[in-house]
Amino acid sequence: MTVRIQTADFDVSVEIAALRRNNPKVGAVASFVGVVRDINDGGTVAEMTLEHYPGMTEKAIEEIIGQARSRWNVLNALVIHRVGQLKPMDQIVLVVVAGEHRGEAFAACEFIMDYLKTRAPFWKKERTGKGARWVEARHTDDIAAERWRFKLGSEQ
Amino acid sequence: MDRPRGRPANSGRMITVLYFASLRESLGKGAEQIALPAAVRDLEGLRALLVARGGAWEEGLAPGRPVRAAVNQAMAHGDTRIADGDEIAFFPPVTGG
């Protein structure tokens, strides 16, 4: 299980290869890549700055991975989240889950991402044509995280 | 215990308080050390102490404002107790991912 907060970009295939290396039990790898869009709330985004809470951010994500492991048979998991200056089309976040079967890998990957959105201390500031603004939290993200409470622990 | 006139009793507890993102900008401060008055026992009490500074503090931290908080890097609520040496953080709802 690995959590990395970094300014540098990442290579998805290199990360996936490293995650499942030497583990013949892995039958499924699910991954999610979040990407910076050029439009948000009707404004054109020229650039984005990601701020985080060093120390707590890593702990919060480790805790989320721990919750995923208690629900599904996760063989290995990786979360990389970038901070600092980002531009549209840049990769911003990577979640990779290796499991024995696809159902568990998909579910755990989506769970980690939904919880990260509402529980990991990151904040986005966008620079648009009208100046800089802090991105507001979305209620739809709360709903996405909340629905896991009512789902069964295993979905194979 | 002798103490200066007109100042609240200091409990001897020192804490570190951090502010992030829009809150850090509006308050003009990212971190500070605070000597806790004896009356401040929990997160809610600390927030009230900060609100009492007025101005941007009152505006940014007023009850009802969407402010989240952590004690020692774990999400916390108003009734979470505060102890000597704690690291407290106030920040807006998170927007990563």
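In the predicted model, the hairpin formed by strand 3 of chain B and strand 4 of chain B has two residues between the strands, and N72(B) adopts a positive phi near 50° there. Helices (H or I, at least four residues) and strands (E, at least two) are taken as DSSP runs and numbered from the N terminus. Strand 3 (residues 68–71) of chain B and strand 4 (residues 74–76) of chain B run antiparallel and are joined by three bridges; two strands are said to pair if DSSP finds at least two bridges between them. Within this pairing, A69(B) has A76(B) in strand 4 of chain B as its bridge partner. Strand 3 of chain B also pairs with strand 5 of chain B, in the antiparallel sense and over four bridges. Here A70(B) is placed opposite A89(B) of strand 5 of chain B.

Residues are numbered from 1 along each chain as its sequence is written, and chains are lettered from A and ligands numbered from 1 in the order in which they are written. As this is a predicted model, local features need pLDDT of at least 70 and side-chain atom pairs count only at pLDDT 80 or more, whereas totals for chains, interfaces and linings use all residues.

Chain B as a whole comprises three helices and five strands, in the order β-α-β-α-α-β-β-β from the N terminus. The radius of gyration of chain B is 14 Å, close to the 13 Å given by the globule rule for 97 residues, so chain B is as compact as a globular protein of that length. This radius is taken over C-alpha atoms, and the rule is 2.2 Å times the number of residues to the power 0.38. The C-alpha trace of chain B spans about 50 × 30 × 20 Å along its principal axes.

Contact between the chains involves 13 residues of chain B and 21 residues of chain A, two residues being in contact if their C-beta atoms, placed from the backbone, lie within 7 Å. Helix 1 (21–27) and strand 5 (87–91) of chain B are the elements that give two or more residues to the side of chain B that touches chain A. By class, that side has eight nonpolar, five polar and no charged residues. Ala, Val, Leu, Ile, Met, Phe, Trp, Tyr, Cys and Pro count as nonpolar, Asp, Glu, Lys and Arg as charged, and the others, Gly among them, as polar.
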